[in-house]
Every structure is written in structure tokens, then in C-alpha cells.
Amino acid sequence: MKNFTIMCSALAMTASGALAEGELNIYNWSDYIAEDTIANFEAETGITVNYDVFDSNEVLEAKMLTGSSGYDVVVPSIEFMARQAQAGVFAEIDKDALSNYGNLDTNILKILAVNDPDNTYGVPYMMFTTGLGYNVDAVAERIDADKIGSWDMIFDPETAALLADCGIAVLDSPSEIVAPALNYLGLDPNSEDSADLDKATELLLAVRPHIRYFHSSQYINDLANGDICVSVGYSGDVLQARDRAAEAGQGVEVAYAIPKEGGQVGFDMLAIPDDAPNPENALKFINYILEPEVAAAVTNYVYYANPNTAATEFVVDDVRTDPGIYPPAEVSANLFSLRPHAPRYDRTLTRAWTTIKTGQ
Ligand code: N2P
């Protein structure tokens, strides 16, 4: 009888706890959180998390602009978030509800405020660069050493032709591929001039026959397994591929290079849709991510740098000193960031991207 009473009260507590704490629906990039972050948050708060993933800003943007996504926390890159915020998609962040907000790097907040005045709609989650992932041996067998770690691996038809047989993959993201193509041509990566876009399209069409596929997350496993030898990829994703290759023990060595001609540096933001069903739980999650140990654990697991000054002491040495994760000043000087597109340019870009992908 006594056991039964204890059982009943335990059940009542669980039920009332679950009801009181409720749910949280998160839509994040794939391979972008530590394996235990969500479970730890659930254990600490009693909130039940539904966690979905995407792999490109364009996919997330389509959901946000349609509305009624059902999500409470989403993670757009800053240049996409800025435009979506203008369209009224996001709720203002209640910073008073974020006791850990002061852990954020104030210089980074200032940079982000250029696109999100007063940091109204977003809290920075992680930082990334977009560069080149490659199979060290396969590439060395095929091209000259001075081409390795250069955008020539993707944009120079002669170099790409030498790599085509071992497999080239490219992100399925017009914004993040056309920008480095423009930069490679010596043009402004943020140009919205249609003559510039034509030049970038021409460049990409010239290498199109050598590109095996366009996809924004498949390259992690394919690089790790040796099924492709080069991919345009996000810094941490390529470094995760490097680890998966080492763990598989099949002799595949993967490396990441921020191209010598320069590459994109970006910030992904935690934002709350205006129609989020559980906005209070969204703030609890964002505040949880801002805890130094939590942010550091994500960085240590996914190999993306975080903007949390207080977290740095918890980032392991190998990660903190990896130039692919925390680029040194001389490399950073060569990086560019993206600005929000004008809607009109965006439509032209989408058309150009279809031309590039279909190769005609
Ligand atoms: C995670 C990719 C995040 C960086 N897989 C691109 N925003």
C-alpha cells in the first residue's frame, strides 16, 4: 500500500511537472549541437523538446516566410535573419529574461547589430567559415600543391577536371556559392549587379560538368568514406568528417582549408518566430545555450566557434587552437561576410541557381 501511494504521488508529480513545463520545438542545422545538449536541457528543466533539422538557409527561409511553422527556436544566419525580421517573422528577444546574455562577446554583438539593430531579434549561436573540405591523399595525387586550399579546386575548370573522377560536391546554397565565385573573379561577393551575376553563372557553368552533386550536408559522410574528394563545406562539418574518417580507420584523411583567396565568415542566430507556441520555453533554451559550459560543450563537439566569451576557458585546447575553427587574425582579415539580399536580387539569384544546377 505504501509503495502504491509513493508510486501514485510520483506519477502525479511527473504528470503535473510535464504539464507545467510543456514543450519546445527547435529547428536547427544538422550536425550543429552536442549529442547530450537537448537531453541535459530536458533533465534540467522538465521541458520536452521536439528537435528537427535543416541544412540550408533557403530551406529555413521558405518555412519562415510561409508562417505557422510551429517552431519556437530557429537558427538562421544573420543576413537571412535580418531580412526575415523585416518581414515581421520574429519576436523581439526579451533580454531581461536572459540572465546569461552578458557572457556574449560585445564586439561580436556590435558587428551583428549592423544587420540586427540593437540585437533585437537574434542571439548569436555559433560562428562558421565556408571553405574547402578535401581528401588529402586523393587531391595530392591529382593536382599541384599550390592549388590545394585554393578556390581553383572548384572554380578553375582545368583543376576541377582533374578532381572530377574522385568526386566534387558543392553546397546547395545559391547565396553561399555565388558569393565566393564573385570573390574569385575579383568582384564584390555582395554584388547585386546582374552583369556580375552573369559572370559568376558563366564561371559555375564552366565547371558544372565536373561537379558530382549539390547538397548541403551529404558531403560529411561522403568525405569521411572517401566517396568524394572535395567539397565546398562549412568549417565544423568538414572537421566532423575528418573525425568520422579517422574513426572509420580506412586510411581516409580529411582536411579543411579556408581558401587562400578568402572565404565567407558567418554567424548563425537563435531567433523566436513571432507565432511560436512556447516563447517562454524558447527563452529558457536560449539562456541555457548561453551558459559557458553548455556553449563550450557544443563547440567541443561540433567544431564551430561560439561567441560566448565566458565559454572560452571550457573549450578544449585542440579546438581553441585549431585555425580552421578559430581563424587567426591574418586569415580573418581575408574573410568576407554576406549582407541581406534585396528581394528582387534574390529572385534573379534563384533563377541563376537553377540554370547552374541543371547545367543549361
Ligand atoms: C551545420 C552548418 C552550420 C553552418 N551543419 C552554416 N550555417
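How do the residues of the shell around the ligand divide into nonpolar, polar and charged? In this predicted model, five of them are nonpolar, two are polar and three are charged. The shell itself is made up of Trp29, Ser30, Asp31, Tyr32, Ser77, Phe128, Tyr234, Asp237, Asp268 and Tyr304. As for where the ligand is found, it sits in the largest cavity.

With serine 30, the backbone takes part: one of its N or O atoms lies 2.6 Å from a ligand nitrogen. With aspartate 237, it is the side chain that supplies an N or O atom, at 2.8 Å from a nitrogen of the ligand. The side chain of aspartate 268 likewise places an N or O atom 2.7 Å from a ligand nitrogen. On its own the ligand has 260 Å² of accessible area, and the protein covers 99% of this.

Across the whole of it, a search finds 13 aromatic pairs. One of the shell residues, tryptophan 29, forms such a pair with phenylalanine 54; the rings are tilted, with 5.0 Å from centre to centre and 50° between the planes. Tryptophan 29 belongs to strand β1 (residues 23–29) and phenylalanine 54 to strand β2 (residues 48–54), so that the pair links distant parts of the chain, 25 residues apart.

Notes. Residues numbered from 1 in each chain as written. Predicted model: local features only at pLDDT ≥ 70, side-chain atom pairs only at ≥ 80, totals over all residues. Heavy atoms only, no water. Near = heavy atom within 4 Å. Polar contact = N/O pair within 3.5 Å; in protein donor to acceptor, adjacent residues only side chain to side chain. Areas by Shrake-Rupley, 256 points an atom, 1.4 Å probe, with all protein chains shown as cover. 1 Å grid on protein atoms, 1.4 Å probe; cavity = no way out; pocket = protein on both sides within 12 Å on 5 of 7 lines; lining within 4 Å. Sits in = over half its atoms within 2 Å of the grid points. Nonpolar A, V, L, I, M, F, W, Y, C, P; charged D, E, K, R; others polar. Phe/Tyr/Trp six-rings, centres within 6.5 Å; stacked < 30°, edge-to-face > 60°. Helix = DSSP H or I, 4+ residues; strand = E, 2+ residues; numbered from the N terminus.
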